[in-house]
Amino acid sequence: MKIFKEAMGWAGSIGVSFVLVLFIGIFVFQPYKVDGHSMDPTLQDNERIYVSKLVHTFGQEPEYGDIVVIDSRVDRPRTFKDSVMEQPVIQMIAGTAKKKTFYVKRVIGKAGDVLEFKDHQVHRNGQALEEPYIKETMKFVSDHKWTVPEGHVFVMGDNRNDSEDSRDIGFIPLGHVMGVKKLP
């Protein structure tokens, strides 16, 4: 009987710890791994970062220049089930392989902004952006103007010539901004 009570005590402690880990990972902060070179030179391939999920939890809009983790599946709404099933602990238990769903990018445009790509620079609302963090001069130019819709952001990698970003996948719904990494 004493062994049973002790086992139940341990099981309760493990259960509470598991729920706490899930809660923190879903609502507060979570580690991510940079996959690729799209954020060079700011972040390196395979670098581990921790992002605050409070922006996602409270539906806030990130600031210009914030580094964000986004869910690139912008063609479908996110659900709470997505947030639970994407937790590393759940993936480990379920044995599900990580798909390349999450991208690390920088916020360039917010709702209402008009973005243009001319003279190998990003122009926001008619003004060329000062971007000391980019790896090299951007080769991309376009006659198209992008107007960021309400409830969305436009993101790009710092390595503009090697980045799949909003130029390819489109505007990012705020619900797909998983977290923000603030740099010192």
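Biologist: The expected span of a helix is 1.5 Å times one less than its number of residues. How far does helix H1 reach from its first C-alpha to its last?

Modeller: Helix H1, residues 2-27, reaches 38 Å over its 26 residues, close to the 38 Å expected at 1.5 Å a residue. Helices (H or I, at least four residues) and strands (E, at least two) are DSSP runs, numbered from the N terminus. This is a predicted model, where local features need pLDDT of at least 70, side-chain atom pairs count only at pLDDT 80 or more, and totals for chains, interfaces and linings use all residues. Residues are numbered from 1 along each chain as its sequence is written, and side-chain values use heavy atoms, without hydrogens and water.

Biologist: Which residues of H1 are buried?

Modeller: Leu 22, Gly 25 and Ile 26. Buried means under 20% relative accessible area, exposed over 50%, partly exposed in between (1.4 Å probe, protein chains only).

Biologist: And what covers those buried residues of H1?

Modeller: The cover includes strand S1 (29-33) as well as H2, H3 and H4. That goes by contact, meaning heavy atoms within 4.5 Å.

Biologist: New topic. How many salt bridges does a search of the whole structure find?

Modeller: The search finds 12. Each is a side-chain nitrogen of Lys or Arg within 4 Å of a carboxyl oxygen of Asp or Glu.

Biologist: Which residue does Lys 110 meet in a salt bridge?

Modeller: Lys 110 pairs with Glu 61, at 3.8 Å from N to O. The two come from distant parts of the chain, 49 residues apart: Lys 110 is in strand S4 (residues 102-110), and Glu 61 is in the loop between helix H2 (54-57) and strand S3 (67-71).

Biologist: Is Lys 110 buried or exposed?

Modeller: Lys 110 is buried, at 12% relative accessibility.

Biologist: What about Arg 73 and Glu 86, how do their side chains meet?

Modeller: In a salt bridge of 2.7 Å, N to O. Arg 73 is in the loop between S3 and helix H3 (80-85), while Glu 86 is in the loop between H3 and helix H4 (88-94), 13 residues apart. Arg 73 is partly exposed, with a relative accessible area of 25%, and Glu 86 is buried at 14%.

Biologist: Which residue does Arg 76 bridge to?

Modeller: Asp 82, at 2.9 Å from N to O. Arg 76 is partly exposed at 26% relative accessibility, whereas Asp 82 is buried at 14%.

Biologist: Which residues do shared partners join into one network?

Modeller: Asp 71, Arg 73, Arg 78 and Glu 86, through salt bridges that share partners.
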